[in-house]
Amino acid sequence: MAPTLALVGATGAVGTVMIDILNERPSWPWGAVRLIASPRSAGRRITVRGEELTVQALAPEVFDGVDVAMFDVPDEVSAQWAPIAAERGAVAVDNSGAFRMDPDVPLVVPEVNPDKIAERPRGIIANPNCTTLSMMAALGALHRAFTLRELVVASYQAASGAGQAGVDRLYAELAAVAGQQVGVRGGDVEKTLAASGLSLVDSPFPAPLALNVIPSAGSYKGDGWFSEELKVRNESRKILGIPDLKVSATCVRVPVVTTHSLAVHATFAAPVSVADAHRVFAAQPSIVLVDDPAAGRFPTPADVVGGDPTYVGRVRQAMDFPNTLDFFVCGDNLRKGAALNTYEIAEALAS
């Protein structure tokens, strides 16, 4: 009998992208699908592969008979309900941050560490943070060939990484500054926003995002570090299986709606050339190499949004650093960075 798949958080931002992925996949291993959300969304009708399904309210009994349950919900909801799904016999594939660093929960990117899918003593598999995930296909492929030793990353993260509130805020700010001669004096963007009724008190960001960049992402954790930066370090070590990997990250929020970008500085144990890296990237089915800087061809978020692959470009030998490459990566943070990787884990479980 074909397995049953459940999607928890079916009506949320990532859940909506997941519905698109379910409708687009060329193969279909599932016998049935259940859509689950909060009680306020229960009763909504959503079409999956031509069948109109009714969203069910989250409750223990909705997991009875479910083989794989994907969770696209906030941390606190996953922390409560993923163990319940596992107790009811489902494998929980969780896209929140609730279990990523739990030693009994594998943190999986199918292109990098698919063997970890079978090692799940709690019946839960975690999906990485979208920032880490955006570079993992590229780093994993290079690590297999040349052995990664050190990693320095600067991320340029889209507003959608802060949820729908981040997207709504960016659109509101862009509308407020459109046609205005602002950004030429300190504080005039903020004053323009305030004149339109947009206070920073009500914003998910600590500074204006329109016509600006903000060097903070996530919550402040002390000693100068924000949570997104610590996730890049800790999750990269766990996914790649390098517990002593040297990592430093600076995460920046930019006025892009969707698609995270990262500038990666990676040092390896073995010598590696640009030609070597091109061959490695070209051999990966989930990577698109766009690297002709002389012709102005390299990945940008505007080109990548809505796509499944990781896009890589600006590959170059690092100046003054042996065995080191610099390159630029773009990945849609709502698709591959969240929904698609979760689904690919679920699909691997089904097979």
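This is a guided tour of a predicted model, stop by stop, with what to select and what to look for.

Because the model is predicted, local features are described only where pLDDT is at least 70 and side-chain atom pairs count only at pLDDT 80 or more, while totals for chains, interfaces and linings use all residues. Residues are numbered from 1 along each chain as its sequence is written, and side-chain values use heavy atoms, with hydrogens and water left out.

**Stop 1: the parallel sheet**

Select β1 (residues 4-8) and β2 (residues 32-37), which pair in the parallel sense over five bridges; helices (H or I, at least four residues) and strands (E, at least two) are DSSP runs numbered from the N terminus, and two strands pair if DSSP finds at least two bridges between them. Within this pairing, Leu-7 has Leu-35 of β2 as its bridge partner. Widening the selection shows an open sheet of six strands with parallel pairing, in the order β5-β2-β1-β6-β7-β8. Its edge strands are β5 (56-57) and β8 (124-126), each of which pairs on one side only.

Helix α9 (residues 335-350) lies across β1, β6, β7 and β8, and runs at about 175° to β6.

**Stop 2: the mixed sheet**

Now move to the open sheet of six strands in the order β12-β9-β13-β16-β15-β14, where the pairing is mixed. At its edges stand β12 (246-253) and β14 (287-289), each with a single partner strand, so one side of each has no neighbour in the sheet. From one strand to the next, the twist averages 20°. Select β13 (residues 260-268) together with β16 to see an antiparallel pairing over eight bridges, in which Ala-266 has Leu-325 of β16 as its bridge partner.

Helix α3 lies across β9 (148-157), β13, β14, β15 and β16, running at about 25° to β13, whereas α7 lies across β14, β15 and β16, running at about 165° to β15.

**Stop 3: the nonpolar cores and their aromatic rings**

Which residues have the most contacts inside the largest nonpolar core? They are Phe-63, Phe-71 and Phe-327, in a core of 58 residues; a nonpolar core is a set of buried Ala, Val, Leu, Ile, Met, Phe, Trp, Tyr and Cys residues joined through side-chain atoms within 4.5 Å. Helix α3 (residues 130-146) gives the largest share of this core, nine residues. Apart from it lies another core, of 31 residues, among them Leu-5, Leu-22, Val-33 and Ile-345.

Centre the view on Phe-71, whose contacts, not counting residues up to four places away in sequence, include Val-8, Phe-63, Trp-81 and Val-93. Rings of Phe, Tyr and Trp (its six-membered ring) pair if their centres lie within 6.5 Å, with planes under 30 degrees apart counted as stacked, over 60 as edge-to-face and the rest as tilted, and by this rule there are six aromatic pairs. One of them is the stacked pair of Phe-63 and Phe-71, at 5.9 Å centre to centre and 20° between the planes. Both Phe-63 and Phe-71 are buried, where buried means under 20% relative accessible area, exposed over 50% and partly exposed in between (1.4 Å probe, protein chains only).

Then select Phe-281 and Phe-327, whose ring centres are 5.7 Å apart with planes at 65°, so the pair is edge-to-face. Since Phe-281 lies in helix α7 (residues 274-282) and Phe-327 in strand β16 (residues 324-331), the pair ties together parts that are 46 residues apart in sequence. Phe-281 and Phe-327 are both buried.

**Stop 4**

Trp-225, in strand β11 (residues 225-226), is partly exposed, with a relative accessible area of 34%. Trp-225 touches residues including Tyr-220, Leu-230 and Ala-249, and the C-alpha atoms of Trp-225 and Ala-249 are separated by 9.0 Å although these residues are 24 apart along the chain.

Finally, select Leu-211, in the loop between α5 (188-195) and β10 (220-222), where phi is near 55°, a positive value in a residue other than glycine. Leu-211 counts as exposed, at 53% relative accessibility.

How values were computed:
Contact means heavy atoms within 4.5 Å. Axes are lines fitted to C-alpha atoms, for helices over the stretch in contact, and angles run from 0 to 180 degrees between N-to-C directions.
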